[in-house]
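Me: I'm new to this one. Can you walk me through it?

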Amino acid sequence: MTTPPPALLIAGHGTRDDAGAEAFRDFVRQLGVRRPDLPVAGGFIELSPPPLTEAVGELVERGVRRFAAVPLMLVSAGHAKGDIPAALAREKERHAGISYTYGRPLGPHPALLNVLERRLDEALGATGGRTPLDRADVTVLLVGRGSTDPDANAEVYKAARLLWEGRGYAGVETAFVSLAAPDVPSGLDRCAALGARRVVVLPYFLFTGILPDRVKQQTEGWAAAHPEVEVRSAEVIGPEPELLDLVLERYEEAVKGDLRMNCDSCVYRIALPGFEDKVGLPQQPHFHPDDDGHHHHHGHHHGSHSHAH
């Protein structure tokens, strides 16, 4: 008898917004439809039902003993680094004989950057046959959740930079809706100070909720006070096919133990806009004047990055 694949457990933040919580639950259902061979369940760390413990209990009742947990989060902040692992450890104590592996957060994956680009196109009117506004005239303000974890905030800046590269926007600035500076009005002030006359505020969120709504409200408030700047709001990422595919990719990584270094945005592995010719390019070590030709090949890391995975 073949061993069944580990179940997929989706771990979410939780939200006080009913529509946002239902979007998560519906997304979990869609994953189950996409992979009928897998037991799939999802739960929240806080704020909304079902709790993660209920999702684990549901899987255990279905006879699951092994599962792979994927955090449905864009950045690795306190929830992904601490709360979810702690919750999983607690479940291991509650249910004798279960084992789990833990996957990576989702961003900033090129597939999600493509969805963000689509959301910008929609906000700029590039749908329904209308002529889109020229990207060279558009400054984007990418707004993340915000965290007390600087690494998590830095990931939002990384997403902003990757969104800027090769896509032709005038610039991509970064702001946060909570816990970190700059806040949304300060981010818009910065765009204006840099000379922006047309700004699209792009929420770096998976689903609707209280925080994305706050981003939109603060954007509208700032825009009303600054009629000289044209400001538009883009939509959240949403339950797109790319998001379903990415969660399943993170599941497969966790199952195989293939939790790699950051290769999602590596130009030698992924065709990023403007850098397509670098994919698969053989890597050479850096020349170093102190290198005698036998040791210290500083470029070895790049070679393994390109070829060894």
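Me: Start with the largest pocket. How do the residues of its lining divide into nonpolar, polar and charged?
Reply: This is a predicted model, to begin with. The lining of the largest pocket has 18 nonpolar residues, 15 polar and four charged.

Me: And how much space lies in that pocket?
Reply: About 780 Å³. The lining counts 37 residues, and those closest to the pocket's centre are His13, Gly14, Arg145, Phe205 and Leu211.

Me: Which helices each supply at least two residues of the lining?
Reply: Helix H1 (18-34), H3, H5 (150-164) and H7 (210-225). H7 gives the largest share, four residues.

Me: H3 came up there. Which unit does H3 make with E3 and E4?
Reply: A right-handed β-α-β unit. Helix H3 covers residues 78-94.

Me: In what sense do the strands E3 and E4 pair?
Reply: Parallel, over four bridges. E3 spans residues 66-71 and E4 spans 99-102.

Me: New topic: Glu240. Where is it found?
Reply: Glu240 is in the loop between strand E8 (230-233) and helix H8 (241-256).

Me: Is Glu240 buried or exposed?
Reply: Glu240 counts as buried, because its relative accessibility is 19% and the cut-off for buried is under 20%.

Me: What is Glu240 in contact with, leaving aside neighbours within four places in sequence?
Reply: Val115, Arg118 and Arg119.

Technical notes:
Residues numbered from 1 in each chain as written. Predicted model: local features only at pLDDT ≥ 70, side-chain atom pairs only at ≥ 80, totals over all residues. Heavy atoms only, no water. Pairing = 2+ DSSP bridges. Right-handed = clockwise from strand over helix to strand, strands pointing away. 1 Å grid on protein atoms, 1.4 Å probe; cavity = no way out; pocket = protein on both sides within 12 Å on 5 of 7 lines; lining within 4 Å. Points joined across faces, edges and corners; volume = space filled by probe spheres on them. Nonpolar A, V, L, I, M, F, W, Y, C, P; charged D, E, K, R; others polar. Buried < 20%, exposed > 50% of the residue type's maximum accessible area, 1.4 Å probe, protein only. Contact = heavy atoms within 4.5 Å.
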